[in-house]
Amino acid sequence: MSNTLTSSPAADVLARLYTNAERSHRDHQERLATVPPEQRPQTTNSREFFAAAKDLYMAVRPDTSRLLYILTRTRRASTIVEFGTSFGVSTLCLAAGLRDNGGGRVIGTEYEPTKAAAARASLTEAGLVDLVEIREGDALETLARDLPDQVDILFLDGAKEMYLDVVKLVEPNLSPGALLVVDNSNRSPELLAYLRDSEDYLPTAVADDVTVALRTTP
């Protein structure tokens with residue numbers, strides 16, 4: 001049975017984005033190899049890192065993109081918040097799930113305006129832009145206002161040290177039975193500890209460095 005994710009035009013755009021991501025990472029590694037280790041940029045500041053990586057694709061893995069679509073469909077989600085849109089790979093998969101659910105909205109967040117613009121262009125080409133709102137700037141500011149009362153899925157794939165803050169910010173708007181999907185979850189031990197210690201969530205590792213948690217209480 002066909003679906004939006006595996007059919008044109010979305011499938012064609014997704015394939016191109018993954019090709020661009022592979023090329024981007026290959027070129028980045030080749031450039032990095034020419035720089036002596038002591039001269040390579042060292043920063044723990046997320047804003048500095050994302051500014052320096054504004055042209056670097058940071059796409060979820062293909063199996064994670066399929067997971068996002070599957071969870072959107074099985075949860076019958078209608079409202080999704082995404083922390084970290086980048087060039088829109090994960091956004092496209094979430095929006096494809098909403099399309100096949102009958103509609104809804106993905107609220108994406110992206111710190112770099114050039115990435116947000118590129119994501120919108122790809123979503124337009126994929127025929128999914130009508131389901132997506134991308135908020136530019138600091139997510140702790142852009143998600144602090146005008147959130148729907150019921151958020152069915154919260155997907156985290158931005159600055160890892162901000163994961164817990166974003167969860168706490170969106171938490172009052174999570175619907176009963178909402179899902180948290182956390183990419184690179186091992187790089188946010190604070191969030192993992194919070195989810196494990198809370199009576200409000202049931203977390204589990206579902207793939208390499210991907211955690212899904214069920215919101216068990218209203």
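Is Thr64 buried or exposed? At 2% relative accessibility, Thr64 counts as buried, where buried means under 20% relative accessible area, exposed over 50% and partly exposed in between (1.4 Å probe, protein chains only).

The notes below concern a predicted model, in which local features need pLDDT of at least 70 and side-chain atom pairs count only at pLDDT 80 or more, while totals for chains, interfaces and linings use all residues. Residues are numbered from 1 along each chain as its sequence is written, and side-chain values use heavy atoms, with hydrogens and water left out.

1. Overall content. The chain holds eight helices and seven strands; helices (H or I, at least four residues) and strands (E, at least two) are DSSP runs, numbered from the N terminus. Of the 218 residues in the chain, 50% are buried. Among contacts with a separation of 6 or more, 74% are between residues 24 or more positions apart, a contact being heavy atoms within 4.5 Å.

2. Sheet order. Seven strands make up an open sheet with mixed pairing, in the order S3-S2-S1-S4-S5-S7-S6; two strands pair if DSSP finds at least two bridges between them. The edges are strand S3 (132-136) and strand S6 (201-207), each with a single partner strand, so one side of each has no neighbour in the sheet. On average, neighbouring strands of this sheet are turned by 15° against each other, direction ignored. The axes are lines fitted to C-alpha atoms, for helices over the stretch in contact, and angles run from 0 to 180 degrees between N-to-C directions.

3. Parallel pair S1 and S4. Strand S1 (residues 79-83) pairs with strand S4 (residues 151-156) in the parallel sense, over four bridges. Ile80 is placed opposite Ile153 in S4.

4. Helices on the sheet. Helix H7 (residues 163-170) lies across S1, S4, strand S5 (174-183) and S6, and runs at about 170° to S4. Helix H8 (residues 189-197) also packs on the sheet, where it touches S4, S5, S6 and strand S7 (210-215). The direction of H8 makes about 130° with that of S6.

5. Strand S7 and its partners. S7 is mostly covered, with five of its six residues buried. S5 and S7 run antiparallel and are joined by five bridges; Val181 stands opposite Val212 in S7. S6 and S7 also pair in the antiparallel sense, over six bridges. In that pairing, Pro203 is opposite Ala213, and Ala205 has Thr211 as its bridge partner.

6. The S6-S7 turn. S6 and S7 form a hairpin with two residues between them. Asp209 is in the turn and has a positive phi of about 65°.

7. Surroundings of Asp209. Which residues does Asp209 touch, not counting those up to four places away in sequence? They are Val182, Asp183, Asn184, Ser185, Asn186 and Arg187. The side chain of Asp209 reaches the backbone nitrogen of Asn186 at 2.7 Å. This is a polar contact, defined as a pair of N or O atoms within 3.5 Å; within protein, one must be able to donate a hydrogen and the other to accept it, and residues adjacent in sequence count only if both atoms are side-chain atoms.

8. Charge of Asp209. Asp209 is buried yet has no salt bridge, and Arg61, the nearest side chain of opposite charge, is 5.9 Å away. A salt bridge is a side-chain nitrogen of Lys or Arg within 4 Å of a carboxyl oxygen of Asp or Glu. Lys and Arg count as positive and Asp and Glu as negative, while His and the chain ends are not counted.

9. Thr64. This residue sits in helix H3 (residues 62-74). Leaving aside neighbours within four places in sequence, Thr64 is in contact with Asp183 and Val210.

10. Backbone points to check. The peptide bond from Ser8 to Pro9 is cis, with omega near 5°; Pro9 lies in the segment before helix H1 (10-33). Arg76, in the loop between H3 and S1, is not a glycine but has a positive phi of about 55°. Arg76 is exposed, with a relative accessible area of 71%. Asp146, in the loop between helix H6 (139-142) and S4, also has a positive phi, near 55°. At 61% relative accessibility, Asp146 counts as exposed.
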